Amino acid sequence: MHAMVHLDSFDLRLLFALQDDARLTNQQLGERVGLSASQCSRRRAALEAAGFIRGYRAELAAEALGLRVLAFIQVTLTAHSGTNSRRFRDLLAMVEEIQEAYAMTGDTDYLLKAIVPDLKGLSRLVNETLLAHDSVARVRSSIVLEKLKDSGRLPLQQEA
């Protein structure tokens, strides 16, 4: 449905502002983008209905909550079949430590982003959850030493 909706400069500015702070009221949004609060409300609702805005959530501080180890995990499956893939995807849905998962081309079937409290937690995730699953043949993990960028922002092209 995205292709059917034309985004004008006001829509783009509204989306840009919401990426900075999704808690903005329609009044505050209006002041930032140059529209009335009611116009912002209508546009926001239309962008939500069209699927351009998927949702709103709080960004939590992982380290403050005791989640100190961020790792990327490469997974290769035992067999490349629809059934095996579905079983692995079902496993992913149940593991909260896995924040993101991507099906990949190349030597690795899946790339996972996981966050755990410590190295022991990573060991449990890899050995007791992933490698213990019969759909998984091989797992390679890399621990993040330093996060250099974490914006989560989409590169919206704003008109001047």
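This is a predicted model: local features need pLDDT of at least 70, side-chain atom pairs count only at pLDDT 80 or more; totals for chains, interfaces and linings use all residues.
Helix 1 is the top contributor to the lining of the largest pocket, giving four residues. Besides helix 1 (9-20), the elements that give two or more residues to the lining are strand 1 (69-77), strand 2 (98-103) and strand 3 (110-116).

Strands in a sheet pair through backbone hydrogen bonds, and they can do so in parallel or antiparallel fashion. Here, four strands form an open sheet in the order 2-3-1-4, and the pairing is antiparallel. Strand 2 and strand 4 (136-143) sit at the edges with a single partner strand each, so one side of each has no neighbour in the sheet. On average, neighbouring strands are turned by 20° against each other, ignoring direction. Seven bridges link strand 1 and strand 4, which run antiparallel. Val75 has Val139 of strand 4 standing opposite.

Two helices go with this sheet. Helix 4 (residues 82-94) lies across strand 1, strand 2, strand 3 and strand 4, and runs at about 15° to strand 3. Helix 5 (residues 119-130) packs on the sheet too, touching strand 1, strand 2, strand 3 and strand 4. The direction of helix 5 makes about 15° with that of strand 1.

Key: Residues are numbered from 1 along each chain as its sequence is written. Side-chain values use heavy atoms; hydrogens and water are left out. Two strands pair if DSSP finds at least two bridges between them. Axes are lines fitted to C-alpha atoms, for helices over the stretch in contact, and angles run from 0 to 180 degrees between N-to-C directions. Contact means heavy atoms within 4.5 Å.
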